[in-house]
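Please keep the sequence and the model in view while reading.

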Amino acid sequence: YMNRVWLNIDQYRKSSKLVIQDLGGIALVEDRTIVSNSTLNVTNSYSLYSLLEKGVKYVTFSEEISIDQIDNIIKGYFNRIQSKPNSEIIVYGKPDLMLSKYCPITKFEGLNKLNCNLCETFDYSLVDKNQKQYRIKRDGYCNIRILHHKPTNLLNDMFKIKSLGINRYRLNFTDESYAQTTDIIRQFQIKTN
């Protein structure tokens, strides 16, 4: 699935499978397989229903709500529609804390240009007073993502999550090593079999 697109609308329109970040993404495309991202903050059965009615194939629940809240949303949806919704949950990944067109890397380095590619050449982080590192990742066209220092990890809750009737589970990898990635995938496979 093609994820967040900042500038290249033509490429966005040509892709047959999209993950949309906001409601405007639905209006840009027709006849495509669309999955809503957690940034649409689905936190109740009405928003879930609305997105599915607008043609979203799978609705991803907000990362800000608990498994019990998701259970209540699905029950509320079922009570209104008499069927389970096509839904998805992110079971592993570092959430975006901020998306920015301002690049602190070029400003810190004293550069004033686009596409310097420093963020692809070196690893950068913002460090808080408790020494927690918030990775800075490029997201295309010199836009950046600031990632939470701690990943969402619901792998130990897979038994309960599976019982809710959620159709799909997503693993988001951003800055994990090969070894970390394969370990997380292995854990996921064990928990879902």
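Accessible areas are calculated by the Shrake-Rupley method with a 1.4 Å probe, and for residues only the protein chains shown count as cover. On this basis the chain exposes about 11,400 Å², of which carbon and sulfur atoms supply 48%. The model is predicted: local features need pLDDT of at least 70 and side-chain atom pairs count only at pLDDT 80 or more, whereas totals for chains, interfaces and linings use all residues. Residues are numbered from 1 along each chain as its sequence is written, and side-chain values use heavy atoms, with hydrogens and water left out.

The chain contains 8 helices and 10 strands; these are DSSP runs numbered from the N terminus, with helices (H or I) of at least four residues and strands (E) of at least two. Of its 193 residues, 39% are buried. Buried means under 20% relative accessible area, exposed means over 50%, and partly exposed lies in between (1.4 Å probe, protein chains only).

A nonpolar core is a set of buried Ala, Val, Leu, Ile, Met, Phe, Trp, Tyr and Cys residues joined through side-chain atoms within 4.5 Å. The largest one has 28 residues, and Phe-61, Ile-70 and Ile-166 are among those with the most contacts inside it. At least two residues each come from α3 (45-53), α4 (67-81), β4 (87-93), α7 (158-163) and α8 (178-192), and α4 gives the most, with 5 residues. Beyond its neighbours within four places in sequence, Ile-166 is in contact (heavy atoms within 4.5 Å) with residues including Phe-61, Ile-70 and Ile-161. Another core, of 10 residues, lies apart from the largest one and includes Cys-116 and Tyr-124.

The structure also holds 3 aromatic pairs. Rings of Phe, Tyr and Trp (its six-membered ring) pair if their centres lie within 6.5 Å; planes under 30 degrees apart count as stacked, over 60 as edge-to-face and the rest as tilted. Two of the pairs are listed here.

| Pair | Type | Centre to centre | Angle between planes |
|---|---|---|---|
| Tyr-92 and Phe-173 | tilted | 5.8 Å | 35 degrees |
| Tyr-169 and Phe-188 | edge-to-face | 6.2 Å | 65 degrees |

Tyr-92 in strand β4 and Phe-173 in the loop between β10 (168-171) and α8 are 81 residues apart. Tyr-92 is buried at 6% relative accessibility, while Phe-173 is partly exposed at 32%. Tyr-169 lies in strand β10 and Phe-188 in helix α8, so their pair ties together parts 19 residues apart in sequence.
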